[in-house]
Amino acid sequence: LAKPPADSLRLVETGIIECVQCPRLRAHCEEVARVKRRAFRHQQYWGKPVPSFGDPQARVLIVGLAPAAHGANRTGRMFTGDRSGDFLYDVLHKTGFASRPESHWRDDGLALKGIWITASAHCAPPDNKPTPEEIRTCRQFLHRELTLLTDIRVVVALGRIAFDNYLATLRARGCELRLSDLPFEHGRVHTIAPGLPALISCYHPSQQNTSTGRLTEPMLRSVFEAARKLAF
């Protein structure tokens with residue numbers, strides 16, 4: 001019998017794009033792509049699960065929540081085409097992780113260096129709220145990425161859901177954790193266990209957080225400056 005092909009980031013990407021395991025999410029993404037927002041009515045929406053994006057030799061891993069309905073679900077790339085992405089990529093550019101400060105479309109030439117961006121759910125959920133079951137279903141992809149991204153030294157979890165999902169993934173991989181020792185606090189660096197990446201908890205750059213001042217540009221920049229120092 002022929003041996004199955006070794007896993008790769010390209011196979012993970014294909015698996016994400018072709019995934020149909022969450023009917024509620026698939027129906028929502030396809031409906032949004034069909035109806036469209038008026039401002040984007042002449043654009044062809046991506047409308048499929050959004051793959052991860054970045055540098056295969058990354059030392060820093062960003063774990064986000066999920067694609068935005070008219071952001072990544074439209075453009076086909078993580079944190080691309082919405083205000084959250086504008087806020088994040090500006091900071092990634094200033095801290096040396098992104099080739100430009102703006103991200104508009106999946107083929108606009110933006111490149112990441114030293115960093116990889118994934119999500120807790122790869123489909124845009126209604127009201128930006130994937131269910132716990134949908135997050136568990138999508139966790140298979142994060143598990144495979146953690147195996148394949150062998151140079152990761154730091155994980156930045158954007159938001160409490162991403163933070164909890166990453167810790168749940170570690171538990172599923174056999175890591176014993178005391179959650180009481182790992183509070184979600186913005187900018188806090190957590191040492192999980194010897195041999196595992198450091199984990200930085202960070203507020204999500206959602207429009208709600210940035211417009212209210214809960215997360216400012218200096219606050220987010222300090223997280224990625226810390227990540228760079230720890231990773232390199």
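This is a predicted model: local features need pLDDT of at least 70, side-chain atom pairs count only at pLDDT 80 or more; totals for chains, interfaces and linings use all residues.

Trainee: How much space lies in the largest pocket?
Mentor: About 710 Å³. The lining has 27 residues, and the closest to the centre are Ala68, Asp82, Ser84, Asn128 and Ser206.

Trainee: Which helices each supply at least two residues of that lining?
Mentor: Helix α4 (83–94) and helix α7 (207–212). The largest share comes from α7, with three residues.

Trainee: And what's the lining like by class?
Mentor: Eleven residues are nonpolar, eleven are polar and five are charged.

Trainee: Changing topic to helices. At what angle do α4 and α8 pack?
Mentor: About 50 degrees, with the axes 9 Å apart. Helix α8 covers residues 217–231. That angle makes α4 oblique to α8.

Trainee: Is the crossing left-handed or right-handed?
Mentor: Right-handed.

Trainee: Which residues make the contact?
Mentor: From α4, they are Phe87, Leu88, Asp90, Val91, Leu92 and Lys94. From α8, they are Glu217, Leu220, Arg221 and Phe224. By class, that contact has six nonpolar, no polar and four charged residues.

Trainee: Now the other pair. How far apart are the axes of α5 and α6?
Mentor: They are 10 Å apart. Helix α5 (residues 132–148) and helix α6 (residues 160–172) pack at about 65 degrees.

Trainee: So what does that make α5 relative to α6?
Mentor: Roughly perpendicular, because angles of 65 to 115 degrees count that way.

Trainee: Which way is that crossing, left-handed or right-handed?
Mentor: Helix α5 passes α6 in a right-handed crossing.

Trainee: Which residues meet there?
Mentor: Helix α5 brings Ile135, Arg139, Leu142, His143 and Leu146. They meet Ile161, Asn165, Tyr166, Ala168 and Thr169 of α6.

Trainee: What about the classes in that contact?
Mentor: Six nonpolar, three polar and one charged.

Technical notes:
Residues are numbered from 1 along each chain as its sequence is written. Side-chain values use heavy atoms; hydrogens and water are left out. On a 1 Å grid over the protein atoms alone, a cavity is a set of points where a 1.4 Å probe fits but cannot get out, and a pocket is an open set with protein on both sides within 12 Å along at least five of seven lines; lining residues have an atom within 4 Å of a point. Grid points are joined across faces, edges and corners, and a volume is the space filled by probe spheres set on the points. Helices (H or I, at least four residues) and strands (E, at least two) are DSSP runs, numbered from the N terminus. Ala, Val, Leu, Ile, Met, Phe, Trp, Tyr, Cys and Pro count as nonpolar, Asp, Glu, Lys and Arg as charged, and the others, Gly among them, as polar. Axes are lines fitted to C-alpha atoms, for helices over the stretch in contact, and angles run from 0 to 180 degrees between N-to-C directions. Angles under 35 degrees count as roughly parallel, over 145 as roughly antiparallel, 65 to 115 as roughly perpendicular and the rest as oblique. A crossing is left-handed if the near helix is turned anticlockwise from the far one by less than a right angle, and right-handed if clockwise. Contact means heavy atoms within 4.5 Å.
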